[in-house]
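Subject: A structure for you to explore

Hi there,

Here is the structure I promised to pass on to you. Have a look at it first, and then read my notes below with the viewer open.

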Amino acid sequence: ATLIQNAMIIAGIGTLIQLYPIWKVGSKLPIVMGISFTFVSVLVGLASNDYGIMIGATIIGGIIEGILGLTFKYWKKLISPLTSACVVLTIGISLLPIGIESFGSSSIYPMGSMPNIIVATFTLLSCLLFQIFMKGPKKQLNVLFGLVMGYIFSLIYGMVDFNSITTTIKEIGIVALPKIFSFTPKFDLSAIISVTLIYLVSAAETIGDTTAISKGGLNRNIKDFEISGSLACDGFLSAISSGVFNTPPITSFSQNVGLVSMTKVVDRYTIMFGALILIIAGLFPPIGAFFSTLPDCVLGGCTVMMFGTIIVSGIKMLTECDLTSNRNITIIALSLSIGIGITQVNGFFTYMPKVIQDIFSGNPVAGVFVIATLLELLFPKKH
């Protein structure tokens with residue numbers, strides 16, 4: 001419960017800095033930050049042996065990513081528009097299983113059971129009908145309307161469990177300040193190298209998210225200082241997340257990219273309230289526990305369209321590249337087919353080094369980014 005509390009607080013702080021940068025750290029874009037699942041596999045192994053080693057590795061890796069962000073102008077040519085488009089498209093595709101899994105599940109009924117499907121479908125229809133019949137700015141509230149209606153409807157099936165609120169109050173109280181500096185960092189070279197490689201994957205996702213936010217939400221191309229600030233925030237705030245709050249690294253949340261692209265709500269003042277809610281939920285743990293009572297199938301009913309919107313953003317970016325070029329078509333085809341394909345086959349990475357497994361086995365974004373970047377560098381430009 002303490003880790004969850006700290007995670008929400010640092011996610012709120014990171015979002016605020018993305019919205020309103022400190023010096024060159026932050027992008028001024030409506031990017032929402034949160035704890036990254038990309039690091040889970042490698043960090044669980046480190047933390048199970050020594051939590052301090054995990055903390056030390058994530059601090060150093062975060063600082064390295066932050067420095068890469070500040071020096072983006074010196075290596076930006078490595079990231080072509082074609083690579084960014086492939087990454088954004090892959091982010092959307094990689095989120096689809098999460099949306100569908102949520103669509104068919106809840107804590108009460110088994111996966112794919114009719115109550116789950118009915119509630120998820122009702123939620124999705126609520127979003128769509130609200131968007132169809134409402135006019136003007138009210139259309140932008142369709143996701144919120146769907147969440148509320150789906151939550152109310154899920155009560156009929158007994159899907160909402162309020163016991164987590166009582167448990168949270170017993171564990172850490174109604175009001176609680178975050179516990180900070182609870183672990184002493186320890187620095188192990190092999191752990192630092194492994195975590196830093198994962199940070200590079202996270203950086204690729206952040207570039208894709210930032211690009212998609214600009215393209216899908218603002219209808220314009222991304223600017224260099226926005227990518228630079230976004231990466232700097234991603235890295236330095238991750239170092240603070242681990243070093244001060246002792247939580248895993250934070251990064252841009254792709255789910256919110258879909259929400260922004262779909263609703264076109266890009267006002268920083270509006271997104272700021274979301275960040276403040278995260279911080280308040282951290283300081284008042286029962287609030288965070290209340291949000292956790294939202295059934296998965298209700299979230300799934302809202303997210304399937306949002307994740308699809310990210311895919312559409314990636315397709316739009318691809319259409320702006322020269323698709324008559326054999327070179328570009330080859331890069332797109334190979335990066336998507338290999339980068340995504342290798343994550344769909346169980347056992348493909350069985351005999352490869354563990355660090356390779358940690359980076360590529362469960363994350364198609366990493367494979368697509370590496371393959372597209374290498375092909376861009378190696379493929380003859382005139383092909």
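To get your bearings, in which helix is the place of Pro285? Pro285 sits in helix H13, which covers residues 285–291. Please keep in mind as you read that this is a predicted model.

Let's stay with Pro285 for a moment. With a relative accessible area of 4%, this residue is buried, because anything under 20% gets that label. Leaving aside residues up to four places away in sequence, Pro285 touches Gln5, Thr168, Ile172, Gly173, Ile174, Val175 and Ala176.

Pro285 and Lys381 are 96 residues apart along the chain, and 55 Å separates their C-alpha atoms. Ser325 and Lys381 are 56 residues apart along the chain, with 9.8 Å between their C-alpha atoms. You will find Ser325 in the loop between H14 and H15, and it is buried, with a relative accessible area of 16%.

**Helices that pack together**

Start with H3 (residues 51–70) and H9 (residues 189–217). They pack at an angle of about 45°, and their axes are 8 Å apart. H3 and H9 are therefore oblique to each other, and H3 passes H9 in a right-handed crossing. If you want to colour the contact, the H3 side consists of Ile53, Ala57, Thr58, Ile60, Gly61, Gly62, Ile64, Glu65 and Leu68, while H9 brings Ala191, Ile192, Val195, Thr196, Tyr199, Leu200, Ser202, Ala203 and Thr206. By class, the residues in this contact of H3 with H9 are 11 nonpolar, 6 polar and 1 charged.

H9 also packs with H10 (residues 224–243), at an angle of about 140° and with the axes 10 Å apart. That angle makes H9 oblique to H10, since the label roughly antiparallel is kept for angles over 145 degrees. The crossing of H9 and H10 is right-handed. Here Tyr199, Ser202, Ala203, Thr206, Ile207, Thr210 and Thr211 in H9 meet Glu226, Ile227, Ser230, Leu231, Asp234 and Ser238 in H10. The contact of H9 with H10 counts 5 nonpolar, 6 polar and 2 charged residues.

Then turn to H6 (residues 114–133) and H14, whose axes come within 7 Å and cross at roughly 45°. This makes H6 oblique to H14, and H6 passes H14 in a right-handed crossing. Asn116, Val119, Ala120, Thr123, Leu124, Cys127 and Leu128 form the H6 side of the contact, and Cys297, Val298, Gly301, Cys302, Val304 and Met305 form the H14 side. How many charged residues does the contact of H6 with H14 have? There are no charged residues in it, but 10 nonpolar and 3 polar ones.

**Salt bridges**

A search of the whole structure turns up 5 salt bridges.

Lys186 and Asp50 meet through their side chains, at 2.9 Å from N to O. This pair links distant parts of the chain, 136 residues apart: Lys186 is in the loop between H8 (163–172) and H9, and Asp50 is in the loop between H2 (40–49) and H3. Lys186 counts as partly exposed at 41% relative accessibility, and Asp50 is partly exposed too, with a relative accessible area of 21%.

Next come the side chains of Asp224 and Lys76, which meet in a salt bridge at 2.5 Å from N to O. Asp224 lies in H10 and Lys76 in the loop between H4 (72–75) and H5 (81–103), so this pair ties together parts that are 148 residues apart in sequence. Asp224 is partly exposed at 35% relative accessibility, and Lys76 is partly exposed at 30%.

Finally, Glu320 forms a salt bridge with Lys215, and their closest N and O atoms are 2.8 Å apart. Glu320 is in the loop between H14 (296–319) and H15 (326–341), and Lys215 is in H9, so that the pair links distant parts of the chain, 105 residues apart. Is Lys215 buried or exposed? Lys215 is buried, because its relative accessible area is 17% and the limit is 20%.

Happy exploring, and do write back with any questions!

Best wishes

Note on methods
Residues numbered from 1 in each chain as written. Predicted model: local features only at pLDDT ≥ 70, side-chain atom pairs only at ≥ 80, totals over all residues. Heavy atoms only, no water. Axes fitted to C-alpha atoms, helices over the stretch in contact; angles between N-to-C directions. Helix = DSSP H or I, 4+ residues; strand = E, 2+ residues; numbered from the N terminus. Parallel < 35°, antiparallel > 145°, perpendicular 65-115°, else oblique. Left-handed = near helix turned anticlockwise from the far one by under 90°. Contact = heavy atoms within 4.5 Å. Nonpolar A, V, L, I, M, F, W, Y, C, P; charged D, E, K, R; others polar. Salt bridge = Lys/Arg side-chain N within 4 Å of Asp/Glu carboxyl O. Buried < 20%, exposed > 50% of the residue type's maximum accessible area, 1.4 Å probe, protein only.
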